[in-house]
Structures are given as C-alpha cells and as structure tokens.
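Good morning, colleagues. Please look at the sequence and the model while I take you through a few of its features.

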Amino acid sequence: MNDKILSLDNVQSIAPGKFTFSERVEYLKQFGKHTQSFSTLQPNMQYFDLPGIGYIGYMKKWGMTFVLSDPVCAPEHFELLLSRFHKRYPRASFIQVSKPVVDILHTRLGYYGTQFGSEARVDLAKWSLTGKKKQIIRTALNQAEKAGMTVKERYSDDHTREISEAWIQTRKCKSNEIRFLIRPMEMSYRENERHFYAYQDGKAVGFIYFDPVYDRNKIVSYVPNISRANADFKQGIFYTLMAHAMTVFQAEGIPYLDLGLIPLALHEDNEPQESSLLKKAMRLIYKKGNFLYNFQGLEFTKSRFRGEVSKTYVCHHSALPIKELFAMFKLTRLL
C-alpha cells in the first residue's frame, strides 16, 4: 500500500479513477481514523477515488450530494481531495466531519461549518467503573448479574433479526433502520467487526456490533455502530454489553473506545464559521424533536462513560439549508 500512496510533490496531475473494493479497503485500513470511516463501505454508497491519495464516500438524495465523514486519506491530502471533489460536486454537503475539514471547506471553498453534534472517546488505558457518574453502569451490571444475564462474543447470527425487529418497534422511527449516519446492520463487508451478545436463560436478548477504527493498518479503537435489545428489557443491557466489550478491548491492548455520534449535542458558544440560524434550528430539534429520535436519551447514556468529548460538524452553503436538511432526514430514513 505504501508504494501506491503519493507525496504532496507529485499529486497535482493525478486524475480521479475508480478503485477496486480491495483497494478501497486498503485505504480504509491505512487512513480510516474517523469513527464513520468503516461506514463509508455501507451499501449504496458512491465514491470519488483519487489514485495514490484516497477516497470520499457519499450518497445522493433528490439530486443533492451528501458526504459522510472525513476523506479517507492522509490529513495532508485533505485539501487536495476536497478541492478535486468540489470541482465535480460544487453544491455537496458534508456530514459528520472534523474541524480540520471544516477549516479547509470554510477558508478555501466558502462553506459554513456548523456543529452537528458531539463525539466522545474513552482512553481504555485509564478506563474503570469507578466514579459517581458511572453508578448507573455499575447498577446495570448488578441487575444483569442478578437476572442471570451473561455476555459472550459471537460471530454467528443469534436471533439478531428477531431482536432487531422487536427493538425497532420501540423506537421513535418504526418504519426502517436508519442508514447513512448509522450504517445498516447487514453489510457484505464485515472484516474485523466485533459482535457481543447478552444472554438470559440461554437466549440472546441484546447485542452490539462494534466497527474497527484504523490508523496505519492497526486497529486503534472500536465504535458501537449497531445496538439492539429485546423490548422486554428497558434498562441496562447496553451498559452491560458495553462494559464487557470495553474490558475485552482493554485486555487486548486496544488504545481507545469511541462512542460514536451524539447528534445535536451542541456547545453553547458559536464559532465564526458557524451558521447561527442553523444552530438555533438544531437546538430546537434537540429540544422538541424527540418524536423523531431520542436525542436527549442518547446523550445521557453516552455521557455515563465519561469520554473526552469533541465536536463534529456539517458543512453547507446556505445559512439555513432547509432543503438539504429535509433531504438528509429522508436519506437517513428519519422521515
């Protein structure tokens, strides 16, 4: 792979190409540091590939283009790949990207870069169950033990669809699984996924699928992208599964555990490149939009793990991109 990756001195004349799937996986393993890099390989994703550099994954809805995550390339090539992509898709929106990408899109290409939510990362070398805010996790573990619940890592499907369909019926959005921002449960590419199941009386009652986060061909973190629980168990299974998996990853020497997107969990202060109109709209959705998604509950749950919180952004052209927001909600199947 390294002999295919080009330096900054000889990339200006490179024309877009088309990677094979195995080539794209090589770039993912080398540069897939973003928590959604693995999700760029979900079904129905389209790609902008630049040989020797990397790729951008995107989907279209109603003629609009939506990019997911940072470009899968070396950070020093972000500007090149983004500028080449912009020439082909000048009205694209970028969803769940980091501040370095925001800075390029804002200063070089005139985008707004507005906080879309937060992410949190747990340093597994320092992870323990001590602390006041982790009491709810300890309580869940005690309840699970009293209920005779056990957790096992498995690679075979164990009542997965049955649990998932029952779980979906308890959600705000019951018609379909969310896609794009959350990759679908069924993917043809599943290398290095980790599956943990909770059992009671020998039957699976919940599970979490963890996706790998890569850096220079090493797994440096996992992120829980798919979680489901039997509808009869309202509390505790997620905490129990997470605590077990984190102990396993910790023992394996995995440096971090990423908790993934906490949508619409926004910082109070506004940054210069942000749209105050869009941020006000998103704050309103967070407060009033629980009929769409359990925004507040998800933020509370993930905050119990006491990870280091960082911002994630959406980059857009107009100050209040109503059509783009509506199209994105349809793309993700929230509407």
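Two strands count as paired if DSSP finds at least two bridges between them. With that in mind, and remembering that this is a predicted model, let us begin with strand β6, residues 112-123.

Which residue in β11 is the bridge partner of D123? The partner is Y256. Six bridges join β6 to β11, residues 256-263, and the two strands run antiparallel. Strand β12, residues 308-316, is also antiparallel to β6, and nine bridges join that pair. Here A120 has V309 of β12 as its bridge partner. Nine of the twelve residues of β6 are buried, so this strand is largely enclosed by the rest of the structure. As a general point, the side chains of a regular strand alternate between the two faces of the sheet.

R121 lies over the face of the Y256 ring, 4.4 Å from the ring centre.

That brings us to aromatic rings. A pair of rings is described by the distance of the centres and the angle of the planes. How many aromatic pairs does the structure hold? There are 22 aromatic pairs. In one of them, the rings of Y47 and Y55 have centres 5.6 Å apart and planes at 80°, so the pair is edge-to-face. Both Y47 and Y55 are buried. A further edge-to-face pair is formed by F196 and F210, at 5.7 Å centre to centre with 90° between the planes. Elsewhere, F48, Y58, F85, Y89, F94 and Y111 form one aromatic cluster.

Let us return to Y55. The charged end of R24 sits over the Y55 ring, 5.6 Å from its centre. F19, in the segment before α1 (21-31), also belongs to this picture. The C-alpha atoms of F19 and Y55 are separated by 8.7 Å, although the two residues are 36 apart along the chain. Beyond its neighbours within four places in sequence, F19 is in contact with several residues, including R24, Y27, D49 and Y55. Is F19 buried or exposed? The cut-off for buried is under 20% relative accessible area, and F19, at 8% relative accessibility, therefore counts as buried.

My last topic is helix α4, residues 135-146. At 1.5 Å a residue, its twelve residues should span 16 Å, and the end C-alpha atoms are 17 Å apart, which agrees. Which residues of α4 are buried? They include I137, A140 and A144. These three cover an arc of only 60° around the axis, so they lie on the same side of α4. The general rule is that an α-helix has 3.6 residues a turn, so residues three or four places apart point the same way. The buried residues of α4 are covered in part by α6 (237-252). On the face turned away from the buried side, α4 carries the exposed residues E145 and K146. Just after the helix, G148 takes a positive phi of about 75°.

Thank you for your attention.

Terms used. Residues are numbered from 1 along each chain as its sequence is written. This is a predicted model: local features need pLDDT of at least 70, side-chain atom pairs count only at pLDDT 80 or more; totals for chains, interfaces and linings use all residues. Side-chain values use heavy atoms; hydrogens and water are left out. Rings of Phe, Tyr and Trp (its six-membered ring) pair if their centres lie within 6.5 Å; planes under 30 degrees apart count as stacked, over 60 as edge-to-face and the rest as tilted. Buried means under 20% relative accessible area, exposed over 50%, partly exposed in between (1.4 Å probe, protein chains only). A charge sits over a ring if NZ of Lys or CZ of Arg is within 6 Å of the ring centre and within 35 degrees of the ring normal. Helices (H or I, at least four residues) and strands (E, at least two) are DSSP runs, numbered from the N terminus. The expected span of a helix is 1.5 Å times one less than its number of residues. The arc is that of the directions from the helix axis to the C-beta atoms. Contact means heavy atoms within 4.5 Å.
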